Amino acid sequence: NQRRVHGTVFVTNTTTATTPYASSSTPSCLLTMTQSAFKDPSGADLSIKEVEDLRRVFSYIDKKGDDKIDANELLQVLHQLGYKCSKQEAEDVIWEVDENCDRHVDFEELLGSFSRVKRDRTGLEPRRLYNIAMFMVYDKEHNGIVSVDETLEVLFNRYGKEAAESEIRALFGEIDRQDHEITLTFADYIRQVSSRPVKAGIKYPKGKKKSKRDNDSSDDN
């Protein structure tokens, strides 16, 4: 099967119902779940800082304060970030990582999804929620715009100078010391991260210290 993620088609190794939460004897979210979705559900390999950042993002989206995110809450935040999409699209994002099929994403599901995407080098892992969360980690003011400095601060503190500078070039292009006011909107960011191969993303370390990008970065440009 194929699923379209912001203009990019990802192939999933699934058998499946095509409509999220379609009525059947077996819930469609289980029918379409990749095998990796059952690994490390707690996101135990994330650093303390990553968990703190994700808790901040999760709490912001969780407008009802009930420790879970539904499609309406996600849709509201996406519109606030200047990204126009339908409720169906928001429901699909939720469905991709909804392991218990309750039409919500709880914090453990967010951590597990984030952790799996970090490790994924195949492109099979759903990453729309991951991309939304990463942008919101950079965009602390939640105004739908991130600058070079905001993004660099997060990346440098987590992964070190080499990984941070490589990712900045991938997102913003070649910049000089005078260009740190360059910004990306949420839509720009989604286009950038969705258009490059998975292997060209940040090669995250297993620990909390600095990491290196994959050697093949030529596809970023």
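Helices (H or I, at least four residues) and strands (E, at least two) are DSSP runs, numbered from the N terminus. A polar contact is a pair of N or O atoms within 3.5 Å; within protein, one must be able to donate a hydrogen and the other to accept it, and residues adjacent in sequence count only if both atoms are side-chain atoms. The model is predicted: local features need pLDDT of at least 70, side-chain atom pairs count only at pLDDT 80 or more, and totals for chains, interfaces and linings use all residues. Residues are numbered from 1 along each chain as its sequence is written, and side-chain values use heavy atoms, with hydrogens and water left out.

**View 1. Helix α3 spans residues 71–80.** At its start, a side-chain oxygen of Asp-70 comes within 3.1 Å of the backbone nitrogen of Asn-72. Ala-71, Glu-73, Leu-74, Leu-75, Val-77 and Leu-78 of α3 are buried (under 20% relative accessible area; exposed is over 50%, partly exposed in between, with a 1.4 Å probe and protein chains only). Their cover includes α2, β3 (68–69), α4, α6 and α9 (186–195). After α3 comes Gly-82, with a positive phi near 85 degrees.

**View 2. Helix α5 covers residues 107–119.** From first C-alpha to last, the 13 residues of α5 reach 19 Å, close to the 18 Å expected at 1.5 Å a residue (the expected span is 1.5 Å times one less than the number of residues). Asp-106 caps the N-terminal end of α5, with a side-chain oxygen 3.2 Å from the backbone nitrogen of Glu-108. Of the 13 residues of α5, 11 are buried, so the helix is largely enclosed by the rest of the structure. Among them are Phe-107, Leu-110, Phe-114 and Val-117, and also the charged Glu-109, Arg-116 and Lys-118. The buried residues of α5 pack against α2 (48–61), α4 (87–97), β4 (105–106), α6 and α7.

**View 3. Helix α6 (residues 128–138) packs on helix α7 (residues 148–159).** The angle is about 105 degrees and the axes are 8 Å apart; axes are lines fitted to C-alpha atoms, for helices over the stretch in contact, and angles run from 0 to 180 degrees between N-to-C directions. That makes α6 roughly perpendicular to α7 (65 to 115 degrees; under 35 is roughly parallel, over 145 roughly antiparallel, the rest oblique). Met-134, Val-137 and Tyr-138 of α6 make the contact (heavy atoms within 4.5 Å) with Glu-150, Thr-151, Val-154, Leu-155 and Arg-158 of α7.
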